[in-house]
Amino acid sequence: MVAEGVMDAADFWVTMTGPDGARRQGPLSVMWPQRFEAGHPSRSFPAYRGQRNFTGWYWSATCRGHVAYESWLERDHLMRFDFDREMIAMAAQPFALAWDDSVKGHLEHTPDFFVRRSDGTGLVVDVRPDDRISERDAAKFAGTRDACELVGWRYERVGALEPVFAANLHWLAGFRHARVMREETAAALREVFVSGAGLLHGARAVGDPVLVLPVLYHLLWCQQLAVDLQAAVLSPSAWVSQGRIGREGDGDADASAAAVGG
């Protein structure tokens with residue numbers, strides 16, 4: 001691990017591909033204001049016969065576009081970012097980071113995701129279960145964490161989501177697109193659940209559940225209505241209450257740029 005106080009942001013070299021497809025590089029001390037969330041992946045996503053992980057594209061309601069992933073575990077975390085109202089943009093393989101470690105020598109690492117938060121700060125994420133981290137990987141993650149702290153970014157190395165939360169997130173993500181939204185129904189649902197009610201009971205109070213439930217799930221995804229996603233898998237009796245009124249779940253590229261600029 002890089003010894004604390006020895007390195008500064010100028011000692012970490014960053015290479016990224018900008019929104020225009022141009023390659024950009026420089027020390028982290030210069031590069032950190034770049035809009036990494038708007039760039040292209042810094043490396044390719046391999047696909048081959050017999051591959052054990054599943055690559056693909058996740059459509060993000062926040063970004064209003066697709067974000068690549070290299071495993072279903074990465075896809076689950078993209079859903080988590082997409083669900084989080086504090087996240088306003090995200091990108092896969094956002095940059096390559098290189099530095100010289102006092103113990104391991106020269107190290108290079110490409111984090112899995114860069115997420116822009118609504119306060120303008122960045123979140124850098126590596127998705128790797130505990131049992132799949134080698135000693136050299138641990139040094140890369142530690143160095144990346146140090147680099148992030150130097151420029152005021154958060155860093156997370158995450159594994160699998162808690163199963164109940166993951167199951168609920170998968171379900172609600174199926175209703176993340178605004179095409180399921182019907183404002184008249186949504187207004188009635190907000191009124192019904194203002195003091196809290198069972199999920200299906202509240203839906204029936206508004207109308208035919210076949211028509212109402214997609215709007216209800218969309219409002220739960222947008223967190224305009226709230227339900228405990230950790231306690232149990234969503235059921236007809238799940239208690240739904242008033243949530244927070246915020247963005248509708250669609251991202252805003254202008255908000256991302258404004259957040260970076262302060």
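Predicted model: local features only at pLDDT ≥ 70, side-chain atom pairs only at ≥ 80, totals over all residues.
Reader: How many salt bridges does the count come to here?

Author: The count comes to 11 salt bridges. Let us take a few in turn.

Reader: Start with Asp-20. Which side chain does it meet in a salt bridge?

Author: Arg-24 is the partner of Asp-20, at 3.0 Å from N to O. That passes, because the rule asks for a nitrogen within 4 Å of a carboxyl oxygen.

Reader: Is Asp-20 buried or exposed?

Author: Asp-20 is exposed, at 55% relative accessibility. The cut-off for exposed is over 50%. Arg-24 is partly exposed, with a value of 28%.

Reader: Which residue pairs with Asp-76?

Author: Arg-75 does. The N to O distance in this salt bridge is 3.4 Å.

Reader: And is Asp-76 buried or exposed?

Author: Asp-76 is buried. Its relative accessible area is 13%, and buried means under 20%.

Reader: Now Arg-154. With which residue does it form a salt bridge?

Author: With Glu-156. The closest N and O atoms of Arg-154 and Glu-156 are 2.7 Å apart. Arg-154 is partly exposed at 40% relative accessibility, whereas Glu-156 is buried at 16%.

Reader: Salt bridges can share partners. Which residues do they join into one network?

Author: Arg-35, Glu-37 and Arg-116 are joined into one network in this way.

Reader: Where is Arg-64 placed?

Author: Look at the loop between strand E3 (56–60) and strand E4 (65–69). Arg-64 lies in that loop.

Reader: What is the relative accessible area of Arg-64?

Author: The value is 49%, so Arg-64 counts as partly exposed. Exposed would need over 50%.

Reader: Next, Gln-93. What is its phi?

Author: Near 45 degrees. Gln-93 is a residue other than glycine, and the value is positive.

Reader: Where does Gln-93 sit?

Author: Gln-93 is in the loop between strand E5 (87–92) and strand E6 (96–101).

Reader: Is Gln-93 buried or exposed?

Author: Buried, with 0% relative accessibility.

How values were computed. Residues numbered from 1 in each chain as written. Heavy atoms only, no water. Helix = DSSP H or I, 4+ residues; strand = E, 2+ residues; numbered from the N terminus. Buried < 20%, exposed > 50% of the residue type's maximum accessible area, 1.4 Å probe, protein only.
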